[in-house]
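Me: I am new to this structure and would like to learn how to read it. Could we go through it together, one feature at a time?

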Amino acid sequence: MPIEIIIATVLFTLALILYSTAIWSARKSQQLRLWQIVVFFLGVSSDAWGVWITVKFIGAIVLTSHAIFGFTALLLMSLHFLWVFSFFITNKVQTPSTHRFGFFVWGIWMLSYLSGLITGLDKVL
């Protein structure tokens, strides 16, 4: 397996850990903390970096269901981060719709992650 794909896979898995931690901990605590914002940002950044490496390696954007879920999730994750960050800097409490949207986006991202995992395992095995 090419090193670029290995690095991207590690970044996607890191994004899974960081993004999931941020989403679930924010829901559990019902209060935004700085560490959650930082972890959220690092998760979105890891995913974006992994996407960039993958597209650069492939040389083009290939529109598969995996890619469509992935690009949609990355866009929504970025928008959700900006929304949550705006709550944090204005010191406002998150609304229930913020958490619902976060879980919706997390679900789309998980579809992309799992479809990539299955596709990758299929190619390796």
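Me: Which residues lie nearest the centre of the largest pocket?
Reply: On a 1 Å grid over the protein atoms alone, a pocket is an open set of points with protein on both sides within 12 Å along at least five of seven lines, and lining residues have an atom within 4 Å of a point. In this predicted model, the largest pocket is lined by 31 residues, and Ile5, Phe12, Thr54, His66 and Gly116 lie nearest its centre.

Me: Which elements give two or more residues to that lining?
Reply: Helices here are DSSP runs (H or I, at least four residues), numbered from the N terminus. H1, H2, H3 and H4 each give two or more residues to the lining of the largest pocket, and H4 has the largest share, with ten residues.

Me: What is the volume of the largest pocket, and what classes of residue line it?
Reply: A volume is the space filled by probe spheres set on the grid points, which are joined across faces, edges and corners. For the largest pocket that is about 1100 Å³. As for classes, Ala, Val, Leu, Ile, Met, Phe, Trp, Tyr, Cys and Pro count as nonpolar, Asp, Glu, Lys and Arg as charged, and the others, Gly among them, as polar. The lining of the largest pocket has 19 nonpolar, ten polar and two charged residues.

Me: How many cavities of 30 Å³ or more are there?
Reply: Rolling a probe the size of a water molecule over the atoms shows where empty space is left. A cavity is a set of grid points where a 1.4 Å probe fits but cannot get out. The search of the whole structure finds one of 30 Å³ or more, and the largest cavity has a volume of about 80 Å³. Its lining includes Ala22, Phe40, His80 and Phe103. H4 gives the most to this lining, with four residues; by class, the lining has seven nonpolar, five polar and no charged residues.

Me: Is serine 46 buried or exposed?
Reply: Buried means under 20% relative accessible area, exposed over 50%, and partly exposed in between (1.4 Å probe, protein chains only). Serine 46 counts as buried because its relative accessibility is 7%. This serine sits in helix H2, residues 34–58. Beyond its neighbours within four places in sequence, serine 46 is in contact (heavy atoms within 4.5 Å) with Leu11, Leu14, Ala15 and Leu18. Among the buried residues of H1 are Leu11, Ala15 and Leu18.

Me: What ground rules apply?
Reply: Residues are numbered from 1 along each chain as its sequence is written, and side-chain values use heavy atoms, leaving out hydrogens and water. In this predicted model, local features need pLDDT of at least 70 and side-chain atom pairs count only at pLDDT 80 or more, while totals for chains, interfaces and linings use all residues.
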